[in-house]
Amino acid sequence: MVHRSFLLPALLSFGTACGQSLYFPPTFGSAWETQDPAALNWCTDQVPPLLDFLESTNTKAFLVLKDGRIVIEHYFGTFTADSLWYWASAGKSLTAFLVGKAQEEGFLDIDDPSSAYLGVGWTSCTPEQEAAITIRNQLTMTSGLDDSGDLDCTAPACLQFLAEPGTRWSYHNAPYTLLDGVIEDATGQSLNSYLFSKLTVTTGLQGAFVQIGSNNVFLSKARAMARFGLLALAQGQWNGEPIMTDSDYFQAMVTPSQALNPAYGYLWWLNGQSTYMLPGIQLSLPGMLCPAAPSDMYSAMGKNGQICNVSPAEGLVVVRLGDLPTQGVFVPNAYNDQIWQYLNAVMCSTTSIQENTTPRMELFPNPPRDRVEVRVGQGSGEITVRDGSGRIVLSQKTSSERIGLDVSGLASGCYTVAFRGESGAATVRFVKE
């Protein structure tokens, strides 16, 4: 096991700067500031059609946060703000955060063999094959274990060799579930105890993992999921306090983790990529996961439409809990995209680009002082710079692959540069010192 410290000044300043302009509710209690959609110049007449769609698709809870404040919060039927509901596979993203926290504290290294924590013989592979599977493979769905049988079964007999780790992407539930054992063995605490000490007492995220069959399923109120989304929006910070100081891990968690499925990070789904794969099929599909959603969005998504969307560029967190939608064939990303189509109408704008390509975007220097050069691989379009609250502070049209921006007048903090044009959409972040 490698013990490493990530308390580097640059990492701390990055996360702290990104969290300064967001609102955070008190750690305990039900107080949570709200914001009127009309005050954001949203089209309030489009809210009823959104709610009608959500109700018709068996939604139980729906929340939208803008810069941390509640703009929309609605519960359907007998479901209330105090009702508990399951996250299903959206809980995977919560587990990914806990793995990163355990690594930050020196309990584990994600490049360690999983057998260092699960014990030799946790699979039916040969010793050499098993030793090649790492925690990173569990986080990225690239264990190479055979997914043709019971996807939930964690018994060694169910975990057979199929491919070399890292060479095949497959949404295999069992290797993910065993990350719980990795966390418990590494930290010496139960999964719920570790979550309570690292997230509940610091952010107010109340809930618990409950074993249902072979799976550990997280249960909570809807606002707890919104708290998790806000923590992710603030890149691991909470009201100026660093919850995760390892910004390298956080950024790796919400960016492509491998080339096989670029729309997947560390147990987070990623929008804005040129291709994506879905659970159950070995096929790479062209285009973005959710074309109607912001290109920088990363999502925790689970069975029957349990969704927590985060868009730093827009300052948005969107939560949906409920039963299986009934309209059409249910595919998690397709239903999520439908929600964004209605939500875009509410916001009186389109937050995404429909093209199926994603241009390459680079920024130099990073961090900048007075001037920054943005390089976009192709096409003309518009460059916008948003501060940590999502407010546009700079905007400039461009028909060149390179554009220089004067950032000397910007305050210190975290900013998101977005390019939208004929070739697609891309984002990159920087910290102004």
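**Disulfides, cores and enclosed space**

C43 and C348 are joined by a disulfide whose sulfur atoms lie 1.9 Å apart; a disulfide is taken here as a pair of cysteine sulfur atoms within 2.5 Å. The torsion about the S-S bond of C43 and C348 is about 140°, so this disulfide is right-handed. The pair links distant parts of the chain, 305 residues apart: C43 is in the loop between α1 (9–19) and α2 (47–56), and C348 is in the loop between α12 (332–346) and β14 (361–364).

The structure is a predicted model, in which local features need pLDDT of at least 70 and side-chain atom pairs count only at pLDDT 80 or more, while totals for chains, interfaces and linings use all residues. Residues are numbered from 1 along each chain as its sequence is written, and side-chain values use heavy atoms, with hydrogens and water left out.

The protein contains 12 helices and 20 strands. Helices (H or I, at least four residues) and strands (E, at least two) are DSSP runs, numbered from the N terminus. Of the 433 residues in the protein, 56% are buried. Buried means under 20% relative accessible area, exposed over 50%, and partly exposed in between, with a 1.4 Å probe and protein chains only. Among contacts between residues at least 6 apart in sequence, 63% join residues at least 24 apart; a contact means heavy atoms within 4.5 Å.

A search of the whole structure gives two disulfides. In general terms, a disulfide is a covalent bond between the sulfur atoms of two cysteines. Besides the link of C43 and C348, there is a disulfide that joins C153 to C158, with an S to S distance of 2.1 Å. The link of C153 and C158 has 70° about the S-S bond and is right-handed. C43 has a relative accessibility of 26% and therefore counts as partly exposed, and C348 is also partly exposed, at 37%. In the other pair, C153 counts as buried because its relative accessibility is 13%, whereas C158, at 29%, is partly exposed. Two further cysteines are buried: C125 has a relative accessible area of 12%, and C308 has a relative accessibility of 1%.

The largest nonpolar core has 101 residues, and those with the most contacts inside it are L139 and W268. Helix α10 (residues 222–233) gives the largest share of this core, nine residues. A nonpolar core is a set of buried Ala, Val, Leu, Ile, Met, Phe, Trp, Tyr and Cys residues joined through side-chain atoms within 4.5 Å. A second, separate core of 15 residues includes V374, V376, L410 and F419. With neighbours within four places in sequence left aside, L139 is in contact with A96, V99, I110, L179, Y249, Y264, G265, Y266 and L267.

The second largest pocket holds about 620 Å³ of space. It is lined by 26 residues, of which S89, K92, Y171, N173 and K303 are the closest to its centre. The elements that give two or more residues to this lining are α3 (91–104), α7 (173–177), β5 (215–220), β11 (298–302) and α12. By class, the lining has 13 nonpolar, 10 polar and three charged residues. Ala, Val, Leu, Ile, Met, Phe, Trp, Tyr, Cys and Pro count as nonpolar, Asp, Glu, Lys and Arg as charged, and the others, Gly among them, as polar. On a 1 Å grid over the protein atoms alone, a pocket is an open set of points with protein on both sides within 12 Å along at least five of seven lines, a cavity is a set of points where a 1.4 Å probe fits but cannot get out, and lining residues have an atom within 4 Å of a point. Grid points are joined across faces, edges and corners, and a volume is the space filled by probe spheres set on the points.

M301 is in strand β11 and is buried, with a relative accessible area of 6%. M301 and K92 are 209 residues apart in sequence, but 8.5 Å apart in space, C-alpha to C-alpha. Beyond its neighbours within four places in sequence, M301 is in contact with residues including S89, A90, Y171, W269 and N336.

Two cavities of 30 Å³ or more are found in the structure. The second largest cavity holds about 50 Å³ of space and is lined by M141, T142, S143, G144, L145, D147, R168, S170 and H172.
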